[in-house]
Amino acid sequence: MEEESSTLIRRRTSLPATMVMMVVLLLLLCCNCGVEVVVAAADESSPAPVGKGGSDHGSCPGGDGDGEGYRKQLWVFGDSYADTGNLGNLGRELTHAWYYPYGITFPRHPTGRFSDGRVLTDFVASAVGIATPVAYKLRRRGGHGGEVASRGMNFAVGGSGVLDTGYFQRNISSQIDLFQKQLRGCGPTGVALVVVSGNDYSAVVDKNNGTSEAAIAYIPTVVRGLREQLRRLRDEVGMKKVVVTNLHPMGCTPYFTRLLNYSGCDTLANAGSDQHNAALRSVLHDLDPANTTFLLLDLHTPFLNLITAAADDKFPVRLRPCCETFTADGHCGQEDEAGNKQYTVCDDPERHFYWDDVHPTQAAWAAVAQAFTPAIHRFLST
């Protein structure tokens with residue numbers, strides 16, 4: 001039986017509002033803009049069921065053993081930067097990605113993605129050459145026959161982390177458990193995508209009254225935990241290709257830039273992502289010195305380049321979100337008791353890099369994908 005969230009999550013799945021000016025706060029988490037995105041003909045929010053006849057049992061999910069499986073499947077683990085509908089709808093205040101104005105660009109209604117449209121998973125799937133894999137929570141919806149898992153599955157859920165974040169969401173270890181159940185003893189094919197955007201750090205800061213010392217001290221613990229899950233995907237699950245993201249410059253997100261009147265990035269917060277990224281590079285070098293199994297997908301560099309480039313007019317508005325709340329502790333899509341909007345939405349999301357306080361717009365993800373897609377192609381060709 002499908003596992004459901006039985007407990008309410010915190011109001012902000014991306015970032016608690018108690019963290020200010022800490023050294024490290026690692027956030028969780030279009031038009032094609034030059035990157036072609038492969039999208040299934042059916043609505044992504046209503047995919048076909050796993051297995052024949054809607055059952056989770058049956059033949060092995062996808063892959064034909066021809067050595068090209070990585071071009072056919074994508075298995076996704078992580079948080080809201082990758083979630084395409086797993087968080088579930090628990091009401092506007094708790095899971096606002098299921099409410100207007102989320103999804104206004106694509107597919108013009110909310111799908112549980114934390115953006116105005118497509119998110120990281122959609123663009124990585126395009127780089128692999130497949131349609132976006134179905135979200136685990138939505139795997140039984142729709143009336144289509146055949147194997148939905150033929151293109152993989154997305155287990156990422158907003159609010160999750162490497163370890164338990166306290167947001168009552170499956171951590172990456174639990175997501176991998178679900179993956180193994182879907183494999184039903186079959187050997188895996190395809191490529192795994194692991195997205196870690198900082199919920200572990202925001203959670204530990206929350207528990208320690210917002211102290212930066214707690215977040216800094218927690219970095220080795222989080223990175224060790226991530227190392228173990230990456231090792232597990234390779235050695236226990238049997239994945240031959242694993243893509244893992246580094247951290248974007250979190251000090252440039254509107255959560256921080258709002259404190260600076262949207263005039264610049266928080267250098268202390270950006271230093272925190274640098275520290276995490278350095279530790280992650282070391283872990284991947286130890287696990288895979290030849291760089292054949294693991295790819296460190298660089299989000300940090302294209303984020304920073306697009307946000308800070310002196311003469312780039314791709315995103316005229318880089319530090320202010322398209323969906324801006326009236327108060328710092330509000331959220332995009334918030335309404336008062338009378339149903340009055342407590343936010344504004346820009347006229348053109350394509351002019352903004354950020355959609356809300358922490359998540360990029362579809363146009364921003366498309367621009368970032370232009371930078372990382374060649375790296376994925378090179379990695380999968382070896």
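User: Which residues cover the two faces of β4?

Analyst: A strand is a DSSP run of E of at least two residues, numbered from the N terminus, whereas helices are runs of H or I of at least four residues. Buried means under 20% relative accessible area, exposed over 50%, and partly exposed in between, with a 1.4 Å probe and protein chains only. In β4, V191 and L193 lie on one side and A192 and V194 on the other, and all are buried. This is a predicted model, in which local features need pLDDT of at least 70, side-chain atom pairs count only at pLDDT 80 or more, and totals for chains, interfaces and linings use all residues. Residues are numbered from 1 along each chain as its sequence is written, and side-chain values use heavy atoms, with hydrogens and water left out.

User: In which sense do β1 and β4 pair?

Analyst: Two strands pair if DSSP finds at least two bridges between them. Strand β1 (residues 74–77) and β4 (residues 191–194) are parallel, with 4 bridges. L74 has V191 as its bridge partner, and F77 stands opposite V194.

User: Which way do the residues of β1 point?

Analyst: L74 and V76 point one way, W75 and F77 the other, and all are buried.

User: How many bridges join β1 to β3?

Analyst: There are 3, and β3 (residues 152–154) runs parallel to β1. V76 stands opposite N154 there.

User: What is the bridge partner of L193 in β5?

Analyst: The partner is V243; β5 (residues 242–245) pairs with β4 in the parallel sense over 3 bridges.
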